[in-house]
2 protein chains.
Amino acid sequence: MTSTDHTPTSTTGTLAEAQIGMDIGGTKTAGLVLDRDGRIEAEVTVRTPSGIDGVLDTAAQVVATLAERTGRTVQDFASIGVGVPGQVDRAKGYLRYAYNIGIEQIDLAAQIEKRTGIPVSIDNDVTAAAIGAVHLMQLGGTVAYLNLGTGLAAGYVVDGLPIRGETGVAGEIGHLPIDSLGRPCPCGQFGCLETVASGSGLKTYWPAGGDHPGRVLLSAIAAGDADAQFALDHLVEGAASAIRVLGFTLDPGTLVIGGGLRLVGDPVIEGIRSTLRRWEAESPFFAQLHMSERIQVLPEDSPAAAVGAAIASRS
Amino acid sequence: MTSTDHTPTSTTGTLAEAQIGMDIGGTKTAGLVLDRDGRIEAEVTVRTPSGIDGVLDTAAQVVATLAERTGRTVQDFASIGVGVPGQVDRAKGYLRYAYNIGIEQIDLAAQIEKRTGIPVSIDNDVTAAAIGAVHLMQLGGTVAYLNLGTGLAAGYVVDGLPIRGETGVAGEIGHLPIDSLGRPCPCGQFGCLETVASGSGLKTYWPAGGDHPGRVLLSAIAAGDADAQFALDHLVEGAASAIRVLGFTLDPGTLVIGGGLRLVGDPVIEGIRSTLRRWEAESPFFAQLHMSERIQVLPEDSPAAAVGAAIASRS
């Protein structure tokens, strides 16, 4: 770590001990600076153009903007952590199958390092969000993070250590088939959890909801749209099933619900809790997990994935 | 740790650094001495009488026998690790719901400590077997252990660290419902994995198989018993489903199959592999986990749970 003669903007850390965290998503990229005490010093959000060049330009631009806003040069940062959708080989810094940012495969860490000159680590965005949620919500023990977004996936942190699996695929529970009579999933299987408990599932069950069905779901239900109600019921039951899977496999003391669909609010969150309570009443064995009481919701506008990516870049 | 003037029976360790490991099961209790290099120095197996007194007497007897066989006094052992079925609160040394050894609840660690005078740690038997399998089979990375026994459950070791969950229930995937139209499970749910992929599942599908259906399954199939074939097919498909659950949730680099039903042999093990290969051919997303290639089988007569319990008693 190099010393610097810039005036620190934080009273507790030297500039060189700060990290940049970045969450590259399908529509926007969120970046932030985390100081050595884990506090957010500056944030920026920009649109993500699709494809390799767009993503790399965006990453470089976010880094430059954060340097400028915190009175640093880019080289003053200790590291950059990047959360991305897709299959991440963290050891090699390699990203595959990141279709919603228009990338088939890329040596992402090396490419961002080349443009910025500082060490880059990459992580699956849901794992990064799990790490960030643990930090921001001050959680300990066994934590599972369930991302109820366009897709469905989970991340885990156990006693402070992220669990990523052998090839970075741990937590892809959206593609667990739970109903052999269910709908076909683009993954090639049938009745995957994601076909019901996700934004893409909502679209299938309720095409009238358009591209962002979560935003108009409650008003449609209030107006008497039976298909919207049906889609919500399936979403809630599917999400509760996902939580049951996480309960029996990992026994998390805290189950954090994140992702855009959590913002639908009580009809989703309380719906999940009451579904779990019903199942707990039916099964003492399931009841011992207390999953209905272990649910917490990631606060709105929480930059969990960017924070988690920054933290993960330290190790 | 106290020093001792007994002659060491191992050339590499002092006596006081040895641990006792014990696997208390429904029919028998296996005990062994693990030296400081992790080698098995002595083994003993005795019947397990049901109920609290029977279990505690058995534990004390196993410890005394192992001391005698290795030329030690009981106090020469550094610790005792015990693997038991049921819900284990490891921190408190408390065991609940261990119905197949006839125990509702007990402060097991304290009770065995009282009878032996040395520190005792307890662990769920499947988690202990996972730890032991990692040691005996020299595995690393993310390892899941699937116990195909009377019941169905899993244990995990990630980079050498056992994952037990917040309340010791992690890995109870036998009670994950996978088929809402499936058979009722004693746990209160329907279509749990354990209702098909276990010894108890075999009994339900093939009552003619008696109390140990796994031992006579292949000969019955060879003799043309269609029910036995049907039960085997369900067992194989259910076990493959359990492995798919473990794949998508944990992405284990190695999936060890343990438990008595593994000894049915190729019709089970190769049946599982070919079922997974069929699913991999249907889904590129599932194929990326390579689960069909990641399966290993715990060797016959491997005392994995006792070894794992001994190792876990060190920390």
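Student: Where does A:Q138 lie?

Tutor: Look at the loop between α3 (125-136) and β9 (142-148) of chain A: A:Q138 is there. Helices (H or I, at least four residues) and strands (E, at least two) are DSSP runs, numbered from the N terminus. This is a predicted model, in which local features need pLDDT of at least 70 and side-chain atom pairs count only at pLDDT 80 or more, while totals for chains, interfaces and linings use all residues. Residues are numbered from 1 along each chain as its sequence is written, and chains are lettered from A and ligands numbered from 1 in the order in which they are written.

Student: What is the phi of A:Q138?

Tutor: Most residues other than glycine have a negative phi. A:Q138 is not a glycine, yet its phi is positive, about 55°. In chain B, B:Q138 also has a positive phi of about 55°, and B:Q138 sits in the loop between α3 (125-136) and β9 of that chain.

Student: Is A:Q138 buried or exposed?

Tutor: A residue is buried if 20 or more other C-beta atoms lie within 10 Å of its own, exposed if 12 or fewer, and partly exposed in between, with C-beta atoms placed from the backbone. A:Q138 has 7 C-beta neighbours inside 10 Å, so A:Q138 counts as exposed. B:Q138 is exposed as well, with 7 other C-beta atoms within 10 Å. A:I24, in strand β1 (residues 19-24) of chain A, is buried, because 29 other C-beta atoms lie within 10 Å.

Student: Which residues does A:I24 touch?

Tutor: Contact requires C-beta atoms, placed from the backbone, within 7 Å of each other. Leaving out residues up to four places away in sequence, A:I24 touches several residues, including A:T29, A:V55, A:V84 and A:I101. The C-alpha atoms of A:I24 and A:A306 are separated by 8.5 Å, though these residues are 282 apart along the chain.

Student: In what order do the five strands of the open sheet in chain B run?

Tutor: Strands of a sheet pair through backbone hydrogen bonds, either parallel or antiparallel. Pairing here needs at least two DSSP bridges between two strands. The order is β11-β10-β9-β12-β13 (chain B), with mixed pairing. β11 (161-163) and β13 (295-297) of chain B are at the edges with a single partner strand each, so one side of each has no neighbour in the sheet. Within the sheet, β9 (residues 142-148) and β12 (residues 254-258) of chain B pair in the parallel sense over five bridges, and B:A144 has B:L255 as its bridge partner in β12(B).

Notes. Two residues are in contact if their C-beta atoms, placed from the backbone, lie within 7 Å.
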